[in-house]
Amino acid sequence: MALPFETMSDADTLSFDLPKVRGRYQYDVLLKSLTWFSVGGPASILFKPKDLDDLIFFLKSNTLPIFTLGAGSNIIIRDGGIRGITLRLIGDFSQIVVKDHIVEVGAGCLDRTLALTCQSHGLSGLEFFISIPGTIGGALAMNAGAYGVETKDRLLWAEAVTPNGEIHRLSADEMGFGYRKCSVPKDWIFTKAAFYTTQAPQEEIQRRMQDILERRQETQPVKGRTGGSTFKNPENDSAWKLIDEAGCRGLMQGDAVISEKHCNFMMNLGNASAKDLEDLGDKVRQRVLETSGVTLDWEILRVGEYY
Ligand SMILES: Cc1cc2nc3c(=O)[nH]c(=O)nc-3n(C[C@H](O)[C@H](O)[C@H](O)COP(=O)(O)OP(=O)(O)OC[C@H]3O[C@@H](n4cnc5c(N)ncnc54)[C@H](O)[C@@H]3O)c2cc1C
């Protein structure tokens with residue numbers, strides 16, 4: 001049974017005897033290089049398991065809290081970093097296997113890589129993944145979606161491992177998907193998923209992906225240090241409109257700014273801290289509440305310790 005994060009100190013986490021795995025442990029690793037916002041303090045221990053058996057072996061004797069990090073594209077890791085284990089699924093967890101119209105993919109695979117692989121096999125349905133900069137694990141956790149299609153729409157099943165090392169296969173219905181969320185327990189680790197696709201000419205798929213990328217570049221600051229949409233759209237409303245009406249376009253806190261191009265995007269202009277970004281987001285929420293009476297919900301996750 002893992003200890004809760006708040007009971008751990010750095011010394012606690014480092015003094016633990018870690019299971020002898022085939023993968024890799026790294027200590028005191030700055031996480032800012034692993035997040036899109038380019039902010040975040042250190043991970044006490046960064047663990048990259050070799051493969052699924054290695055992960056399960058680790059989980060069966062681990063007692064430390066675990067946070068699973070994908071591509072860090074929807075997250076502010078706080079300046080104090082993450083205590084316990086930060087888990088990253090790479091290598092073996094990025095494989096793609098195409099079986100007729102079914103595509104099985106590891107949770108560490110980038111969404112974009114999956115979209116391109118499907119295109120090269122003439123398989124359509126997952127084009128929306130071309131513009132989402134996360135991993136499949138992150139897409140399952142967040143029910144990532146764009147331009148009217150969400151992860152849930154093409155999912156056959158997902159596999160997850162519990163903190164005790166048990167594997168579960170969940171159907172799309174069992175995932176309990178909602179708007180940018182699923183209801184699978186937060187401490188389960190997605191390892192694999194299968195999506196269904198339909199046959200289509202490669203050029204047509206290519207055109208669709210190109211169209212998505214162009215639309216995005218016109219309207220969103222996709223090349224900067226950002227985390228995508230900051231807040232969820234309230235029912236029957238748009239977060240960006242409420243933010244604009246509250247006069248927050250271009251609002252700054254240190255080097256953190258509300259994008260002029262798309263005001264539901266926050267940017268790190270270079271030296272913003274996680275605190276700058278989080279404070280700026282909270283300031284926007286406060287101003288929107290005052291002007292429109294609507295409480296915006298964060299879409300971007302904030303994790304870790306403040307200092
Ligand atoms: C420029 C830009 C554009 C974006 N556009 C979109 C968009 O159009 N649509 C959209 O939905 N999102 C968008 N996003 C947000 C983000 O890309 C998605 O939410 C993505 O799915 C997050 O995946 P990740 O691997 O980066 O997850 P992370 O940001 O690393 O983590 C997000 C959450 O997923 C969990 N997680 C990650 N991997 C696993 C796993 N294997 N098992 C269990 N939990 C896991 C983490 O614990 C965390 O809770 C955008 C972001 C950026 C920077």
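**Sheet, ligand shell and loops in a predicted model**

User: Over how many bridges do strand 16 and strand 17 pair in the antiparallel sense?
Analyst: The model is predicted, so local features need pLDDT of at least 70 and side-chain atom pairs pLDDT 80 or more, while totals for chains, interfaces and linings use all residues. Residues are numbered from 1 along each chain as its sequence is written. Strands are DSSP runs of E with at least two residues, helices are runs of H or I with at least four, both numbered from the N terminus, and two strands pair if DSSP finds at least two bridges between them. Strand 17 covers residues 256–258, and its antiparallel pairing with strand 16 runs over two bridges.

User: Which are the edge strands of the open sheet?
Analyst: The sheet has four strands in the order 15-18-17-16, with antiparallel pairing. Strands of a sheet pair through backbone hydrogen bonds. An edge strand here pairs on one side only, which describes strand 15 and strand 16.

User: At about what angle does helix 8 run to strand 17?
Analyst: Axes are lines fitted to C-alpha atoms, for helices over the stretch in contact (C-beta atoms, placed from the backbone, within 7 Å). Angles run from 0 to 180 degrees between N-to-C directions. Helix 8 (residues 274–292) lies across strand 16, strand 17 and strand 18 (265–268), and its angle to strand 17 is about 30 degrees.

User: Which element gives the most to the shell around the ligand?
Analyst: The ligand is surrounded by 30 residues, with G70, G134, G137, G138 and G228 the closest; a residue is near if its C-beta atom, placed from the backbone, lies within 6 Å. Elements that give two or more residues include strand 3 (66–69) and strand 13 (189–196). The most, five residues, come from helix 4.

User: Is D100 buried or exposed?
Analyst: D100 sits in the loop between strand 6 (96–99) and strand 7 (102–106), with a positive phi near 55 degrees. Most residues other than glycine have a negative phi. Counting C-beta atoms placed from the backbone, a residue with 20 or more others within 10 Å is buried, with 12 or fewer exposed, and in between partly exposed. D100 has 10 others within 10 Å and is therefore exposed.

User: What does N143 count as by its C-beta neighbours?
Analyst: N143 is in the loop between helix 4 and strand 9 and has a positive phi of about 45 degrees, although not a glycine. Because N143 has 19 C-beta neighbours inside 10 Å, its class is partly exposed.

Methods. Two residues are in contact if their C-beta atoms, placed from the backbone, lie within 7 Å.
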